[in-house]
Each structure stands twice: as structure tokens, then as C-alpha cells.
Amino acid sequence: RSLHTMASPTLSPDSSSQEALSAPTCSPTSDSENLSPDELELLAKLEEQNRLLEADSKSMRSMNGSRRNSGSSLVSSSSASSNLSHLEEDTWILWGRIANEWEEWRRRKEKLLKELIRKGIPHHFRAIVWQLLCSATDMPVKNQYSELLKMSSPCEKLIRRDIARTYPEHEFFKGQDSLGQEVLFNVMKAYSLVDREVGYCQGSAFIVGLLLMQMPEEEAFCVFVRLMQEYRLRELFKPSMAELGLCIYQFEYMLQEQLPDLNAHFRSQSFHTSMYASSWFLTLFLTTFPLPVATRVFDIFMYEGLEIVFRVGLALLQVNQMELMQLDMEGMSQYFQRVIPHQFDSCPDKLVLKAYQVKYNPKKMKRLEKEYAAMKSKEMEEQIEIKASVGVPAPAGVFSELATQQ
């Protein structure tokens, strides 16, 4: 029986009126050669929402606040007459079509698809759309799943210990005997057996937990395997965590280039990037934002990869630059924990909009990646030379890591 139905009520704020609202601007002409009149009209409406959102965030916030309290506007009759719910209805019908004609959309309507994903995938479509986005719908590994569960993994103790700390407030995962904890344990254990080099890594349970709120465990397992393989997550979660070092290095470069004053302030306070940004990359903001906001970021991640983490991270720093500049290290730590997570609760669209105003240059990121690899291998060589000169054997793994970097 699908876990989706069991978990969905607790996530319902996410399917409220925010879903259909806009995010980054998109020109209706961008893909018009392949769009039907209906789709063009929908794009025009989404455009209009963009303009409203940018023009008047205050009224937006209060409108969203009052909406949220009435529960999902999809079921609330009071808002049925408003344009918003029509827009929402159109969005629902459209997502039904997208799921049914997936290949066609992927090939011929990519720009519109990207726009719609940035606006948020409606809650009830997430399970299927996430699977389609990462091509996890018919993976051979799915057939191994029940066999994997019969085996034992060296990581079991560790997984058990961490599971209780994953979404402790969420209904689905509350209590040791909860169905959520059981299926989360299963998926983490199965993965640790399929990929023995990574085994189990802290933080990854938040990603799997989110998947399990949307879909049954076999499907969640397949999506997670795909994310690890194709979305750089495996590199992030490897024991050496070398990829995390790279992400932090790239993020610091963007910070220095786009917010030099804030960067200088962080340095003067010894407030290192890794202190606040590591969890952004490792849990894709799932431990930063409340679920409705984090899930919107995750929608985009599923289509566009880690770029969205850089964009959202920098957007958060831009929005808060003035406040952060007034604080010392301790004050900043508190601010990151208490203030930043809730700034966009009533309007995730504003966060997405700001994220797409951030400058991001893929070529530059590639260049930084090469730079970082060269720097790391030089460090390795120096380590080996120092140890050789004092007659200490190089630690195991240094040579193999060097080899992989070259």
C-alpha cells in the first residue's frame, strides 16, 4: 500500500495556493512554437503572477498568510471563484498531461517544463514527476530490493541511531515503531549494501525521508540510487567528502565575487563558509527550511542539479547581508539557525525568484573545479614528501586518492 497517502496530509500546506504562484520570469514567446493556445495562456497568467510578486511582496505575504489558514485552496470553496484557484486548476490539469506525455515534454517543451518546475510541482504529482525527472521508473535494481532487505549490513547500528533524529517532529517518522522509521531504515540499509564504498552517510537520511513522504519504499530506493549516481551526491557522501570541499570552494568564490563586504566581515569574525553551508549541500536545505519551502528547492534540484543550492545559498546571504554585517560570530550562528530558516515560510516563490537573480556561471564553476583538483593534488604530494623526508610512511589511501585526481 502506498506510503504516499499516509504521509500526504501532513505536507498539505505545500499544496496550498503557493504551488501555482510564480517564480522566475519567463518570456511567453520562449517556446511558443510548440505550445498550444492553452499553454500560452497559462504562461501569460504565470507571468502576471511574477509581476505581482515582484511588485508587491507585502500584500503577497498577507494574502498567503490568510490563505494558508484555510487549508489547501484546492478543497476550500471560498477561494474557488478567485483567479488563483482557476490558475491552480489549470496547473493541475496541465501536470496531469505532462506526466502522461513525458517524453514529448522533455523533448519539445523543455523551457516551459523548466518554468513550471520552478513554480513548484503540485504535491500529488511529485511522486511520479520526481521519478520521471531522474529516470528512475524502471530500474533493474528495484527487483533486488526485497533481497537486499534480507541481508545484513555493517552500517545497521549507525543507521538505527540516526533514524530517530531524522524529521523527529514529522508525524510519519515519530516514534520508534513508526512506519516512517521502519521504511527509512530499510532504504538506507539497502543502499549501504548496493554501494559499499559509501555505505551509510549521515545527512542522506533526510533526502530519503523526503522521498518516502511522497512514494513507496522501492520507488524511493530507486530515486535515491539515481540521485547518488547522477547528481553528484555520491561524491558528496563519500567518506573523504572531497566533493563537499569543492562545493564550499566554489561557493566561497561566488561569495567573494558578489558580496565582497559580507565575505570580508565573515573572515574578520572567523566565520567559515563550511560552518553554515555544509548542511545546505549535504541535505539540500532539508535541515534548513520547513518542508514546504525545502520541497520547492528539491523540485528544482531534481531538474537542474546542485546549481540551485548555490543560487539559494547566495540569495539568502544577499537578503540578509545588512543584518549579518552587524553581528559577531556567535550572533551570526544564532541568526543562521533562528531567522534565516523562516524568512520565506509564507512565500517560497520569493526565494525562488531571488535565487534566479543570482549570477551563476557554469564555465567559471568548471574552471574552479580544475583549480581545486590541482590544489588538492599538490597538497597531497607535499604531504607525501614531508612524510618521506622524515621517514614516516604515507597513510593508506593517499596514493589511491592521488591517482583518482589525476
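This is a predicted model: local features need pLDDT of at least 70, side-chain atom pairs count only at pLDDT 80 or more; totals for chains, interfaces and linings use all residues.
**Exercise 1.** Describe the second largest pocket: what is its volume, and which residues lie closest to its centre?

*Solution.* 
Step 1. The volume of the second largest pocket is about 370 Å³.
Step 2. Its lining consists of 19 residues, of which S279, T287, T288, F336 and Q337 are the closest to the centre.
Step 3. Two or more lining residues are given by each of the elements α16 (273-283) and α19 (329-338).

**Exercise 2.** Determine which element supplies the largest share of the lining of the second largest pocket, and how the lining divides by class.

*Solution.* 
Step 1. The largest share comes from α16, with seven residues.
Step 2. Sorted by class, the lining comprises 11 nonpolar and eight polar residues.

**Exercise 3.** State how many cavities of 30 Å³ or more are counted, and give the volume and lining of the second largest cavity.

*Solution.* 
Step 1. With the cut-off at 30 Å³ or more, the count is two cavities.
Step 2. For the second largest cavity the volume is about 40 Å³.
Step 3. Its lining is formed by M188, Y191, V198, G199, Y200, C201, S204, F224, M228 and F237.
Step 4. The elements that contribute two or more residues to this lining are α10 (179-194) and α12 (217-230).

**Exercise 4.** Classify the residues that line the second largest cavity as nonpolar, polar or charged.

*Solution.* 
Step 1. Eight residues of the lining are nonpolar.
Step 2. Two are polar, and none is charged.

Key: Residues are numbered from 1 along each chain as its sequence is written. Side-chain values use heavy atoms; hydrogens and water are left out. On a 1 Å grid over the protein atoms alone, a cavity is a set of points where a 1.4 Å probe fits but cannot get out, and a pocket is an open set with protein on both sides within 12 Å along at least five of seven lines; lining residues have an atom within 4 Å of a point. Grid points are joined across faces, edges and corners, and a volume is the space filled by probe spheres set on the points. Helices (H or I, at least four residues) and strands (E, at least two) are DSSP runs, numbered from the N terminus. Ala, Val, Leu, Ile, Met, Phe, Trp, Tyr, Cys and Pro count as nonpolar, Asp, Glu, Lys and Arg as charged, and the others, Gly among them, as polar.
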